[in-house]
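Hi everyone, thanks for coming.

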Amino acid sequence: MTEQAIIKQSLNGMAQIINAIPGEVYVNKEAETLLIMQHRLPESDLKKQIEIYNAIFAKQGGASISDITDSAIAYVKIKILSEAELLDFDAKSLRDLIKECRVNIDKTTNILRLSKTHLLTADDFQKERIEKTAKKNEAFITALDDVIAEVEKRIERMPKPLELPEQEFDFADEDKEAKKPVQDKPLQSKVSVTERIQKFISSGREKREMEERLKVVEKEDAETGCKEIPFYDKTLFATEVIPCKDFGCYSLLKRKDNVYFGLTKNLKEKIYDNKDQSLIELTEITEEFLQFMTADVLTEEYELHTFTEDEKFGMRMYFNFVSKCFEKHIGNTLTVSEYLAFKRYYNRLVREVMRLDEEKHRNYYRALPIAEDYMELMASYNMVLSENKREIVEGIIAGKTDAYVENLDLIIEHHIVDEEAKKDLLLLKERIIYFADEDHFCKPDKEQEPDKAKPVQVLPAGFIPQMPMLQQAGAPLIGNMYFTLQCLNENREVVDEAYFATANMPQAMEDYRNKEAYIKRFGLIQDGRFVPLLSSEGGSEHEE
């Protein structure tokens, strides 16, 4: 394996230099390998950068910001040379180096912004470490900018191939040039009033065209999808002012079809004072973006349905713009608590979008077999369909099913004579009608439900409860119940018991009156449970 291949394998470990902490000793498992490669490589750009990178391993007292920055820049250059399998830079690898530097600038800028945000909420013991890292990142960005400037100058000094279009020389062309008559300069005529007016109008048109071109150029430098550009006038007269939902210190201003974003404190009766040049124009926004910026759509005031693609695009634009605002202004006009509240709200919003999407897909696949069954029935009985499958599925989900139910009723009325076929159609009809109620078919039949609705039975005074009795052998069974006459002694013990069928009720009543016992009870046994009908104690008699 060549030295370049070994260095290429070590790049992942070498990248840890970017995360090094100032003041601490930098340790890397690739250190020994890199030191060996330093001695084995021939004199070249790659060897020079390896030497610069390895210099940090000698800082046993802790690496400074400049030490880390030098090694980090060396790592970026080593990466470009290793991936291109070069020892020295050429024109192409230098251009690749510029691209890599810009990628690292963007990445480090994001880390720097996030660390500054984290600094506002960090504990005291964390702040010192975060501040050191932030200073190191700022120095790294500056060093990358210097590398870009240096490389661009180096590219300019490189010889460029002369590539001029070849042109056939014709002596006739030379004669034509010589024979061209010399035209006298026309005399300047006096300008009329009409011409002055036309010139004034054309100059105004040219000014507007120039402003439009300037806007196009400024849009290219915009940091968000809103394509924000500066507003240079000192004053703006707005037709409508809408406070921003996530930060009250900023507002959206409307004037005709244009929308602007600025500080609320600069507003006075819809007039914006732009002396501080804080106002920006949002040139490419949508109505959905404005709704997310100004309204909390997660309140009960809004009934959310599955988000359209335009709404999702507006939501992403809203997140991008608000995040950039916090990155730029947190700690000045915006606070950490506002930032956390925005993140919490947006987390909930994304969850709701995903829930609605999941529900839409689940409803679609629930409605699809119902729609297919309906279409098959219509076709089987030579009925005409005015909608396609997708429209029928959407109609079932939306609850717009009157036409489908009417068609099924027509089929049942005119074609169905078989009872089983009728049951199938009625079931399909029920699935269409109660599609939104997913628990409809999970509910038990009312006839099969336990008798929970019966009122609580009030037992008579003096009633003696007993444990449920088992059915006695030879007892006359009527369905799942039978009648019984019980005689109890003073200790409430059953000393005598008789069983009666319904046909023997007169005999049962006669025995009840004539029987002598301390306590007499007449009732029925239903499912092993005694239900009293008549009872007497100490000679008194009660009807229940």
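First, some housekeeping. What you see is a predicted model, where local features need pLDDT of at least 70 and side-chain atom pairs count only at pLDDT 80 or more, while totals for chains, interfaces and linings use all residues. Residues are numbered from 1 along each chain as its sequence is written, and side-chain values use heavy atoms, with hydrogens and water left out.

Okay, the big picture. The protein chain has 16 helices and 13 strands. Those are DSSP runs, numbered from the N terminus: helices are H or I with at least four residues, strands are E with at least two. Of the 544 residues in the protein chain, 34% are buried. Buried means under 20% relative accessible area, exposed means over 50%, and partly exposed is in between, using a 1.4 Å probe and protein chains only.

The accessible surface of the protein chain is about 36,200 Å², and 51% of that belongs to carbon and sulfur atoms. Accessible areas come from the Shrake-Rupley method with a 1.4 Å probe, and for residues only the protein chains shown count as cover. Now contacts, meaning heavy atoms within 4.5 Å. Among contacts in the protein chain with a separation of 6 or more, 59% are between residues 24 or more positions apart.

Let's zoom in on helix H13, residues 389–398. Which residues of H13 are buried? They are Ile392, Val393, Gly395 and Ile396. They cover an arc of only 160 degrees around the axis, so they sit on the same side of H13. That arc is taken from the directions from the helix axis to the C-beta atoms.

At the start, a side-chain oxygen of Asn388 comes to within 3.2 Å of the backbone nitrogen of Arg390. Just after H13, Gly399 has a positive phi of about 80 degrees.

Tyr364 is in helix H12, and at 32% relative accessibility it counts as partly exposed.

Next, charged pairs. Side chains of opposite charge can pair when their charged atoms come close. A salt bridge here is a side-chain nitrogen of Lys or Arg within 4 Å of a carboxyl oxygen of Asp or Glu. How many salt bridges does the structure hold? There are 17.

Take Glu128 and Lys132, whose side chains meet in a salt bridge at 3.9 Å, N to O. Both lie in helix H7 (residues 124–157), four residues apart, about one turn of the helix. Glu128 is exposed at 52% relative accessibility, and Lys132 is partly exposed at 34%.

Now try Asp357 and Lys312, with a salt bridge at 2.9 Å, N to O. Asp357 lies in helix H12 and Lys312 in helix H11 (residues 309–329), so this pair ties together parts that are 45 residues apart in sequence. Are they buried or exposed? Both Asp357 and Lys312 are buried. Lys312 has 15% relative accessibility, and it touches Phe307, Val353 and Asp357, not counting residues up to four places away in sequence.

There's also a network of salt bridges linking Glu352, Arg355 and Glu359.

Ser10 is in the loop between helix H1 (3–9) and helix H2 (11–14). Ser10 has a relative accessible area of 2%, so it is buried. Leaving out residues up to four places away in sequence, Ser10 touches Glu30 and Thr33.

Then there's Thr69, in helix H5 (residues 65–83), buried at 8% relative accessible area. Thr69 and Phe140 are 71 residues apart along the chain, yet their C-alpha atoms are separated by 5.5 Å. Again leaving out residues up to four places away, Thr69 touches Lys136, Ala139, Phe140 and Ala143.

Definitions and conventions. Polar contact = N/O pair within 3.5 Å; in protein donor to acceptor, adjacent residues only side chain to side chain.
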